[in-house]
Amino acid sequence: MLLSELEYARPGSVEEAVRLLGSNENARALAGGQSLVNVMKTRVATPEVVVDLNRIDALRGIAVADGALEIGAMTTYTAIIDSPEVAAARPILAEVARTIADVQVRNRGTIGGNVCSNDPTNHFPPLAAALGAELTILGASGERTVGAEEFFEGVYMTAVHPGELLTKVRIPAKGDARDGWASITLGKDGTGIVNVAASVRDGTARVAIGCVAATPVVVTASADETAVQDAVRSAGLDPPADVHASAEYRRHLAEVLAARAVRDAA
Amino acid sequence: MKVEGTKDFDAPAQLVWDVLNDPSKMANLLPGVESFEIQDDRRWKASVKVPLGMGGLKLNFNFEKIEERPIEYAKLSSKGQGVGAIVAMETQFHLTPEGERTHMRWEADVRIAGPVGSMGQRVFQPIVNQQVGNVLNALEAQVEEAKGGGATGAEQGIHPGSPEAYSADPAGPTHSAES
Amino acid sequence: MSTHEVAVTVNGERYEREVEARKLLVHFIRDDLDLTGTHVGCDTGNCGACTILLDGQAVKSCMLLAAQADGAEITTVEGLAPDGELTPLQRAFSEHHGLQCGYCTPGMLISATHLLSHTPRPTDEEIRRGIQGNICRCTGYVNIVKAIRAASQGQSL
Amino acid sequence: MTETTVAPQKVELEVGYAGKSVPRKEDQRLVQGQGVFADDMKRHGMGYVHFVRAPYAHARIVSVDVSKAEAVDGVYGTLTPDEVVELTDPFFELTTPPGSQIKDYALAVGKVRHIGEPVVAVVAESRELARDAAELVEVEYEPLDVLVDARRAEDDAAPVLHDDAGTNVVWSGTFDWGDVDGALKAADRVVRIKELHFDRFASTPLECSAALVEYERGTGQFTLYCNHQMPGVAAIWMGPALRVPLDKLRFVTHDIGGGFGNKITTHPQLTACCLLARKLKRPIQWTEWRTDQHTANAHGNERWFHDVEVAVQNDGTMLGFKVKAIDDCGAFPRYEPLGCIIWAQVTPGLYRWRNIRVDFTQVVTNKSPVAPNRGYSRMQQLWLTERICDIVAHELGLDPIEVRKKNYVRSDEMPYETPNGCVYDSGDYARCLDIALELIDYDAARARQSETADKLIGIGIGSTLDSGTNNFGQSTLLNPELQFSGNNEVATIKLDIFGEIVLTLGTVPQGQGHETVASQVAADILGVSPDQIHVRPGHDSYWNSHAGFSGTYASQFAVTGLEAVKGATEKLSLEIRRLAGAVLGGADPDDVVLEGGFAKRKDNPEAALPFMACGAIVNANNAVLPPDVRDVTLNCRHVYVPPFTLPDQETKFGNLTLTYATQIHACVVEIDPATGHVDLVDYAAVDDCGIRIHPQIVEGQVHGATAHAIGAALHETFAYDEYGQLLTANFYDYHVPHALDLPEIKTGHIESPSPFSSLGTKGMGEGGGAAIHAICAGIQDALRHAGKEAVVHDSFNPPERVWRMIRNPQETAALVEVTE
């Protein structure tokens, strides 16, 4: 509950944020703080400079451009849940956001923080992978956009490198796709034991499984439950084991929930 | 926690063995090494800031080579003392020369005590795999450097079961992540 | 030791203080401002005993740095009935025995106040969803839900 | 054979405030955030203490170096194990040799024996700085082998935790009542169960432990502003350890954020704070954070049951059982080994079998020490009897509900003497069960069980007792040398100079509303309203209104607490009536009545003396006192002593508890066969706690105990890896139920007055873990109905365990064997 010494900066612009993040190898961006601050309490991981992004309005907001959603990295879960644009363009985002922890966490936690911290149990990494999201990163050398599959690199590690900043997340237009979600959690709306996002488009299911590896595992198959289960089984998952679930049980849940996510998408 | 894997080097066994036995080279394998001190040919220390996504984990390592059969087998014990964690690791390297190339099988038994151990093991296992991946890539870079040759592309003995399958090749130190 | 100037309005009163960058907002409220109604019940942001209103939003003050509250408007449990005239929620919690030890009650009242300001007539499911972030170890939530429902229906005016 | 306890002379309370759910006095401050909890206390110049805690579960301490920490600007000082050994003696051990050779100090001495054990204390000017400095303390450890499985504690290869004791066994003994071998021979069937496991969890009160400790050099007086729930016992441990008289330890509690038994064994940390306050000459503030509480404060007793043999007739009548129990008390027996006997208060559970044998062993392991967690030791025994009942019913193809009704003690047999001499005072178990079945609409649930295809539906019953008001004489059955027996509680009430009525309790409320309930009883006796009775909040040993067993634990307030209040208030009433009688022309006290704040002559209500006048005369105008009432002080202290006798050493026979509240729970569970996820779709709890003084508070206790037990049955576990690392060290991984996790709890009640308490009340609140029994029964019923012969053998059933029982029922079915 008692953090180590740190420097705190609160930039007003994206450019200043990038400069601050580049100034120290151990500078970290602070978005909602719902993950980073708890890790800092254990003093296991200790950033030396905390760059608070909450005063940069340019990073907030939700826009729709020909059916696709452009969501600012600092948009909170609550804003996503209440957003008419999300409800119209891709309602699964709000449905999943509504199951994240509780009201207080949803009022502060952000989509950018969720994908950048990339805790294997987070909700948005598998959802972004299933929906084929594109993530825009701003660095000293300019801006680039990365697809979800290359964005997630390791536990707490993504394509956002030191000195860089995630600015927005683009969710492709829904078109006639149908999206689904299924998860087994530790208590209602608790930490994920296994979670699965699915997006079905003209007979093919794109399924992303969370909690079973450092990054979401994406599997595609025809959109019927047995095909999806076989695809997951042949992916040879090697999930970590912990006090809540063995590797074997997580592998089994991945198959069951993949089928249910596809059914939820129907 | 047991982690294991194989690695092939486009270099003769003697050269790989020399790297494994040169503490100054071994020190550079560690991610985020800040300083190291060689006590003797069997023992050396290093202070390290392991780059984790959320910030650095400061650890002071003591290394000791406890067993060796030249060019064929080495066993290294290391104890890392940090704020949130105490790491005890025993690593074994088995080298088999294949002409101009070398096949290495390695295994490590990693034990973490202290608050980090209770951070949820589901996160701890992939992180160890990642760091091991970094060490192996750094080892390969050292071997290449020792070989003087610039060619990379040494065929990597990655099979689905081995941990490298998890970690992509993170270019350079870790990344800013925030939440 | 790096510090920051924090100018914050808490329960209508303005405070200007210098705080260590690393100080959590909950410790600032409890130790520096001596407003001990806001409590700490865990060290991982799960229990909600530290819930306050920050610019109208219910948030857990154990996951914010004090420096982040600069320029903000905060309401803690002490600010719900500054003149001692209990709110309908506070009265309903007592009438329906929605508290036993009272340690979770401050955070619970703030979450309930926030809930009713957004959803004046919540269903029981919505009430439970509204206090999902506030752990109580004494009541099993039965009478807390009853109290919030009663307050929302103006029963306990 | 001790004679049945003598029934006290009954007192009919005329209908007054007792029995009504009056507004709680405590709420006014608590709903405004004006409660005073231990961590809220502040003192000028106080130092914050941070403990350097063991990162290993078992290791020798090679060296401790605090020089770097002490060199930091702003650090006030440290406390090391060497100082503790020099300045204090080990805490008093309750058990017999060799266990009693165990040395337990305020800090780890020589070895660390569990993760998180305090090794060094650092004090600094701020919380953060104390933590920074703690990182500069260098402790060198030599890791040792770790013991985390109590079943291995007595193996030769097992590491011995306490070299002074030379064994991991804390206590062991045999309890043999009736003729179990005869019953096993005479029985139609013998049901054998190889192994059952009652899991490790705790009630984890939301407020962690905390204390602000001051030391006054001139008088050597320690004042501990803390949230300890049993100061009487804490003083008995700490006084001898600190080598100070008990009166030098003043315990003050105000508001406590829940205790549930988890705030009874913090005397090591409090002793360290006392040493620091004395050494550093400044107030010391200690706050335990959540991870500290999980790793190093108080867990519930984990208990293994082996080789159970049950003698049963074909019609389901159960004759008796025998079992071998191994109790895992963690690294130090602090409140233990009392857990080795307290289960004997409910040996037969709610059943009439007369032949029971228990071979009981308690061992230490490299895990957090245990403390009397809600339901303490009785919950484990009740879970055993309920598991036996369900397994026997299913193995014999009988309905578990019928087997219960056949074997329940009947109300016409009450007061019922159990095989080991405890007396179940009153109750109607079968009737409570019927009400519970009605509340969950049993027939509809059975119908749905056969119709529903995609889910497994199960109905479970959990019957339990809340044995209240301990006879501490049971400790002499563990250790004949102990000089503890009976029980006591104190209250003091006075009528002050301006007519204020001030009531002081010896109990230590942590949310049970003692101020309110005590004021109801006192109000009815004095003929005033509860609002006119000021009850001092919390506990203060300086009030001199406490005794050796004062505190709030073991479901006893409604009896010991209220009997003390009643005793003191009746004394005050008599004094007021004597005084008024004398002043109003020599009337006899029985001819004076107290009404509306006046003492009136029955024969002439006009002749009345207001309470204020009584207070004024005695306190400030006593020359006018008639001679025969000069002894009146209007300040009355009463010590309630329950009518206990010493149990018999040889036969271990005797009455161990005064009253028995009942709770019968029924639940309907829905299991998702593909994932093992268990949902509670209907839940009912029916209680019988004798006369209810404040019905709403009683019901609140039932809700809370049910929630604790549901959490323990489905979500909560203290799991350790083979290195002794606690894997659920905080609320992120140790998942306590949130609002959405719990069902609507339907409640019903009946009131069987207790013949052994003058108010007819019964201590209640611990709930005996009824929901654990009910959920285990519900899961097994669902599996058996779906043709899965699995046996629910653990009290904790997370989704994966249920999934494995569905997938491979034989694995657990093999635990049970039935022979003719």
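Chain A of this predicted model has 11 helices and 14 strands. Its radius of gyration is 18 Å, close to the 18 Å that the globule rule gives for 266 residues, so chain A is as compact as a globular protein of that length. Picture its C-alpha atoms in a box of roughly 55 × 45 × 35 Å along the principal axes. Of the 266 residues in chain A, 67% are buried. If you take the contacts in chain A between residues at least 6 apart in sequence, 59% join residues at least 24 apart.

Now for the charges. Chain A carries 24 positive and 33 negative ones, and their mean positions are 4 Å apart. Over all chains, the count comes to 93 salt bridges. Here are some of them:

| Salt bridge | Closest N to O |
|---|---|
| Glu149(A) and Arg206(A) | 2.8 Å |
| Glu140(B) and Lys7(B) | 3.9 Å |

What does the salt bridge between Glu149(A) and Arg206(A) tie together? Glu149(A) sits in helix H9 and Arg206(A) in strand S13, so the pair connects parts that are 57 residues apart in sequence. Glu149(A) is partly exposed at 48% relative accessibility, and Arg206(A) is partly exposed at 24%.

In chain B, Glu140(B) from helix H3 pairs with Lys7(B) from strand S1, 133 residues apart. Both Glu140(B) and Lys7(B) are buried.

Over in chain D, Lys746(D) belongs to strand S29 and Asp682(D) to strand S28, so this pair ties together parts 64 residues apart in sequence. Lys746(D) is partly exposed, with a relative accessible area of 32%, while Asp682(D) is buried at 16%.

Finally, salt bridges that share partners join Glu5(A), Arg43(A), Glu20(C), Arg22(C), Asp132(D) and Glu135(D) into one network.

Key: Residues are numbered from 1 along each chain as its sequence is written. Chains are lettered from A and ligands numbered from 1 in the order in which they are written. This is a predicted model: local features need pLDDT of at least 70, side-chain atom pairs count only at pLDDT 80 or more; totals for chains, interfaces and linings use all residues. Side-chain values use heavy atoms; hydrogens and water are left out. Helices (H or I, at least four residues) and strands (E, at least two) are DSSP runs, numbered from the N terminus. The radius of gyration is taken over C-alpha atoms; the globule rule is 2.2 Å times the number of residues to the power 0.38. Buried means under 20% relative accessible area, exposed over 50%, partly exposed in between (1.4 Å probe, protein chains only). Contact means heavy atoms within 4.5 Å. Lys and Arg count as positive and Asp and Glu as negative; His and the chain ends are not counted. The place of a charge is taken as NZ of Lys, CZ of Arg, CG of Asp or CD of Glu. A salt bridge is a side-chain nitrogen of Lys or Arg within 4 Å of a carboxyl oxygen of Asp or Glu.
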